[in-house]
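Let's take a look at the pockets in this protein. Have the structure open while you read.

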Amino acid sequence: MATIAQHDQTGRRESGAAPQRFQMYIGGQFVDAAGGGTFDVFDPATEQVMATCPAGTAADVDRAARAAHRAFYEVWRGTSAQERGRVLFRLAERVRARRAELAELETRNSGKPIAEAEFDMDDTATCFEYYAGLATKINGDVLPVPVPAVALAMREPMGVAGQIIPWNYPLLMAAWKLGPALAAGCTVVLKPAEQTPLSVLRLASDFEAVGLPPGVVNIVTGDGPSAGAPLVAHPMVRKIAFTGSADVGRQIMRNAADQLKRVSLELGGKSPNIFFSDADFESAIDGALFGVFINQGEVCSAGSRVLVQRDIYKKFVDAAAAKAKTIRVGSGLDRANKMGPLVSAEQRDRVVQYLRVGAREGKVAAGGGVPASHTRGWFVEPTIFYDVDNGARIAQEEIFGPVMSVIPFTDEADAIRIANATQYGLAAAVWTRDIFKAFRVVRELEAGIVWVNHMQPTMVEAPWGGYKASGFGRELGRWGVEEYLETKQVFINLDEKPIGWY
Ligand code: NAI
Ligand code: MG
C-alpha cells in the first residue's frame with residue numbers, strides 16, 4: 001500500500017494519488033481508532049486502495065455509545081421537535097449542495113453508475129426532508145376510558161440507537177436510518193459497511209455546521225465482528241436497526257436477546273417479478289432488466305426471479321437476452337456505462353460461484369461470466385439463466401449480483417404458487433393490463449412491497465420491509481419513525497375521592 005496522504009476529510013483524491021486517510025466521528029470529533037489500526041477501502045473499478053479508515057473495536061463502540069448516551073439525556077431528547085426538524089432540513093440542504101462531490105465519491109467507492117449515485121443523493125436529501133417535516137407530527141393519543149380520568153398514550157424516543165448498514169446504497173441507507181431516529185429524538189451510533197464507509201464520513205464534516213450537537217450522531221468504522229457485534233452487545237444501546245444478510249440478521253437477533261434489545265431487520269430476498277402474457281411487451285422487457293440489473297443487482301429487492309407466462313416465454317427470453325447484451329459494463333464514472341463493478345472481490349467471487357451453479361441448473365441466455373474486456377475491476381456480465389426450476393439454488397438463494405433466473409408458469413394460480421415458494425418475502429411485482437387479475441395476485445403475494453407494472457421505485461412516504469425471512473419492522477414513511485419510539489401509557493385520575501379496595 002502507498003503512503004498515507006495528509007489528513008484531509010473533505011479533499012479530493014487525484015487519480016493515482018496516495019489513499020486518503022479518513023477518520024471516524026465520535027462525540028463531535030474526527031478520531032482514529034483507540035487501538036490505532038486501520039483498514040483499506042477500495043475503488044472496485046480499479047481495484048486500488050482509495051482510502052484508509054480506522055479499524056474500530058469494542059473500545060471505540062464504547063466511546064461512541066457513551067457519547068450518544070450523554071447527548072440523549074443532556075441534549076437531544078430535550079431539543080424541540082421543531083429544532084430537530086430544522087437540523088434535518090439543513091442536513092438535506094448540505095446533501096443537495098454537495099450532490100456532485102458526494103455522488104462521485106459514492107461511485108468511486110461502491111462502483112455504481114454515476115447517474116444512479118446522483119439519484120441516490122437526491123433520495124438521501126428527500127429522506128432527510130421527509131423526516132424533518134415528520135419530526136413535528138409525532139404525537140400521542142387521548143383515549144376514551146369509562147372512568148373519570150384522562151388516559152394518554154405518549155410517544156417517547158427509545159434512547160441510543162445502534163444502526164448497522166450495508167454497502168449497496170451507502171449514504172442512502174444511512175439516511176433511511178438517521179432520518180427517523182433523529183426525528184424521533186434518538187441519538188445514534190452508526191456503523192457503515194467496511195466496504196463503503198466514505199460518503200457518510202464525508203457528510204459528517206457538515207454535522208456540526210447544520211447544528212447536530214456533539215454525540216447525537218456518532219460513526220464507528222470497522223468490520224462486523226470487531227465493530228458491529230460490540231454495538232449489538234453494548235448495554236447503553238437500546239435498539240439495533242440492521243440491513244444486510246439473513247445470516248447476520250439471525251446473529252444480531254441472538255446477540256440482542258440477552259438484553260431484550262429491540263431489533264428491526266431488513267434482510268433482502270429472492271423477489272419474483274411476474275409477467276403475464278397480456279402485459280405491454282416492451283415495458284415488460286425493460287421492467288425485467290431494470291428490476292434485477294439496477295445497481296449491478298446489488299439490491300435487497302432485486303427482481304431476481306423472473307416468472308413469465310408460457311405463451312410469451314420464448315419470445316420474452318430472447319428479447320431480454322438481446323437487450324441484456326447491449327448493457328455497457330465499465331467504470332461507473334463514465335456516463336456511457338450502465339453497469340459498474342461489484343463492490344468487492346469477495347462479492348464478485350460469490351457471484352461468480354453462483355454463475356457456475358447456474359450453468360448447471362439452467363440454460364444461459366446472456367452473460368454468464370466476467371467481461372473479457374476488463375483486466376481490472378470486479379466486473380460481472382449481466383446474466384440471464386432460463387428454464388430454471390424454482391427449487392434450484394439460483395432461484396432460492398440471494399445472489400446479490402446481476403443474475404436473473406427466468407422461470408415459466410402456466411396460469412395465475414401457478415404464478416402465485418411459484419412466487420411464494422421461497423423463504424423470503426421482501427418484494428414482488430406483477431405485470432398485466434388486467435386490473436382485476438393484478439389485484440387478485442397482489443392479495444395473494446407474501447411480500448412487504450408489491451409493485452404493479454413497475455419494479456423498484458421507492459418512495460420515502462411508503463413503508464419498506466419484509467415478510468418471512470426478509471425480516472421485520474418497517475422503514476420509511478411514518479412506519480419508520482415508529483421503530484424508534486416507545487409508548488408510555490399515562491392515567492390521570494380526575495376523581496377527587498378515588499376508591500381503592502381498602
Ligand atoms: P453482511 O450482512 O455481513 O454485512 C452487512 C453489515 O453488517 C455490515 O455493516 C457488516 O459489517 C455488518 N456485520 C457483519 N457481521 C456482523 C455481526 N456479527 N454483528 C454485527 N454486524 C455485523 O453482508 P455481506 O457479507 O457484506 O454480504 C453478504 C450477502 O448479504 C450478500 O451477498 C447479500 O446476499 C446479502 N446482503 C443483503 C443486503 C440487503 O440490502 N438486504 C445488503 C448487503 C448484503
Ligand atoms: Mg458478511
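Predicted model: local features only at pLDDT ≥ 70, side-chain atom pairs only at ≥ 80, totals over all residues.

Start with the largest pocket, which holds about 1000 Å³ of space. Its lining is made up of 41 residues, and the closest to its centre are Trp167, Phe242, Gly244, Ser245 and Val248. Which elements give two or more residues to this lining? They are α7 (224-233), β11 (237-243), α8 (246-257) and α11 (345-361). Of these, α8 gives the most, with seven residues. Both domain 1 (20-267 + 470-487) and domain 2 (272-452) put at least three residues each into the lining of the largest pocket.

Now for the second largest pocket, with about 470 Å³ of space. Here 24 residues form the lining, and those nearest the centre are Phe119, Tyr169, Ile294, Gln456 and Thr458. Two helices, α4 (114-134) and α5 (170-184), each supply at least two lining residues. The largest share comes from α4, at five residues. As for domains, the lining of the second largest pocket takes at least three residues from domain 1 (20-267 + 470-487) and at least three from domain 2 (272-452).

Here is how the two linings divide by residue type:

| Pocket | Nonpolar | Polar | Charged |
|---|---|---|---|
| Largest pocket | 19 nonpolar residues | 13 polar residues | nine charged residues |
| Second largest pocket | 14 nonpolar residues | six polar residues | four charged residues |

Definitions and conventions. Residues numbered from 1 in each chain as written. Chains lettered and ligands numbered in written order. Heavy atoms only, no water. 1 Å grid on protein atoms, 1.4 Å probe; cavity = no way out; pocket = protein on both sides within 12 Å on 5 of 7 lines; lining within 4 Å. Points joined across faces, edges and corners; volume = space filled by probe spheres on them. Helix = DSSP H or I, 4+ residues; strand = E, 2+ residues; numbered from the N terminus. Nonpolar A, V, L, I, M, F, W, Y, C, P; charged D, E, K, R; others polar. Domains from an automatic or database assignment.
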